[in-house]
Amino acid sequence: MRAVQVQEYGGPEVLRTVETEVPEPGPGQVSVDVAYTGVNFADLKARGEGYRVPSLPFVPGLEVSGRVRALGEGVSGVEVGQEVAALTAGGAYADVVVTDATTVFPLPSGVDLRTAATLPAVLPTAYALVHAVGRLQPGETVLVQGAAGGIGTAVGQLAKAAGASGVFGVVSGAAKAKYALDHGYDDVFVVPSTTDSVQFVDEVRAATGGRGVDLALDPVGGETFRASLASLAVFGRLVSFGNASSAEPWQVGQPELYPTGLSVSGFSILTLAQTAPSALRALTEKAFAAVAEGVVSLPVTAEFPLEEASEAHRLMGGRTSTGKLLLRVA
């Protein structure tokens with residue numbers, strides 16, 4: 001079978017299509033004939049700096065849609081040939097991927113395989129940020145970094161559906177701002193570089209009458225994390241769900257939190273899959289239902305053949321992409 005392999009860390013050019021053996025599922029696992037694979041920023045960090053990579057060589061990729069190929073011992077709830085979406089710990093840039101049965105989900109009615117590939121990582125993450133971790137309430141305001149990306153696109157719609165009185169986004173360019181405004185955002189602030197992130201604090205304060213936002217969602221870290229914290233209203237909440245800046249891990253304590261009763265929390269869907277798979281399944285079922293009911297959609301804005309995975313990485317790495325990028329596998 002074909003697989004896109006990384007044998008050394010580096011730029012998009014290190015992604016190489018190779019022939020390898022078809023993996024077989026072990027106990028509690030499922031193998032999937034992949035139709036589409038979602039491209040995520042975590043894939044770029046894995047390729048470039050070894051994020052969550054156990055060893056070289058490795059095959060990147062965290063989410064797929066396709067058909068069940070084989071079941072490992074003890075697996076129930078899905079059948080061979082059934083159309084599914086799956087969250088994986090890696091290996092999704094391939095014709096066949098093996099993953100734990102707990103992260104394999106039958107497709108909701110009316111959802112095709114192309115749409116399904118946008119769901120396993122992005123939609124449950126967005127749903128958790130708005131509801132499970134962020135606990136957004138009707139009438140509250142929210143600030144979202146990366147508003148035009150996959151998670152940002154979903155969060156904007158979910159926040160609006162949850163009754164947010166103001167949904168504000170931060171993006172890196174004017175084209176992204178226009179895209180975000182079409183997907184649930186009330187106002188979008190353009191910050192060309194993460195080194196300029198402090199500039200949006202004043203804009204957020206101005207847009208909220210000096211109050212700040214109730215909830216801020218940050219996948220960037222570093223200075224952007226600190227600026228997001230500075231954008232919170234009294235009793236505001238910040239959720240960190242990534243470190244795209246590769247800055248030193250954030251630290252926050254009593255001096256920052258005590259004066260106005262702020263709180264900071266974190267979320268990682270990959271870690272949740274390992275530590276609380278039942279919670280992940282419940283979260284994913286709710287997120288998939290929101291798609292089936294038309295509450296949220298995630299446009300596929302670019303699609304590449306599996307062999308052109310490097311081009312997908314160049315597009316995403318260039319900070320010009322919006323929505324969701326896919327690899328077409330079968």
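1. A crossing is called left-handed if the near helix is turned anticlockwise from the far one by less than a right angle, and right-handed if clockwise; by that convention, α3 and α4 cross in a right-handed manner. Helices (H or I, at least four residues) and strands (E, at least two) are DSSP runs, numbered from the N terminus.

2. The model is predicted, so that local features need pLDDT of at least 70 and side-chain atom pairs count only at pLDDT 80 or more, whereas totals for chains, interfaces and linings use all residues. Residues are numbered from 1 along each chain as its sequence is written, and side-chain values use heavy atoms, with hydrogens and water left out.

3. The axes of α3 and α4 lie 9 Å apart at an angle of about 45 degrees, where axes are lines fitted to C-alpha atoms, for helices over the stretch in contact, and angles run from 0 to 180 degrees between N-to-C directions. The pair is therefore oblique, given that angles under 35 degrees count as roughly parallel, over 145 as roughly antiparallel, 65 to 115 as roughly perpendicular and the rest as oblique. Contact (heavy atoms within 4.5 Å) involves residues including L123, A126 and V130 of α3 and I151, V155 and L158 of α4.

4. The axes of α3 and α10 come within 9 Å and cross at roughly 100 degrees, and these two helices are therefore roughly perpendicular. Among the residues that make this contact are L123 and Y127 of α3, together with L283 and A287 of α10.

5. Nine of the 12 residues of α4 are buried, so this helix is largely enclosed by the rest of the structure; buried means under 20% relative accessible area, exposed over 50%, and partly exposed in between (1.4 Å probe, protein chains only). The cover over its buried residues includes α3, α5 (174-181) and α10 (277-292), as well as the strands β8 (141-145), β9 (166-171) and β11 (213-218). Just after α4, G163 adopts a positive phi of about 95 degrees.

6. A nonpolar core is a set of buried Ala, Val, Leu, Ile, Met, Phe, Trp, Tyr and Cys residues joined through side-chain atoms within 4.5 Å. The largest one has 57 residues, and L123, V155 and L217 are among those with the most contacts inside it; its largest share, seven residues, comes from α3 (residues 122-132). A second, separate core of 31 residues includes F58, V75, F304 and V329.

7. Leaving aside residues up to four places away in sequence, L217 touches L129, V142, L143, V144, Q145, V155, V239 and F241.
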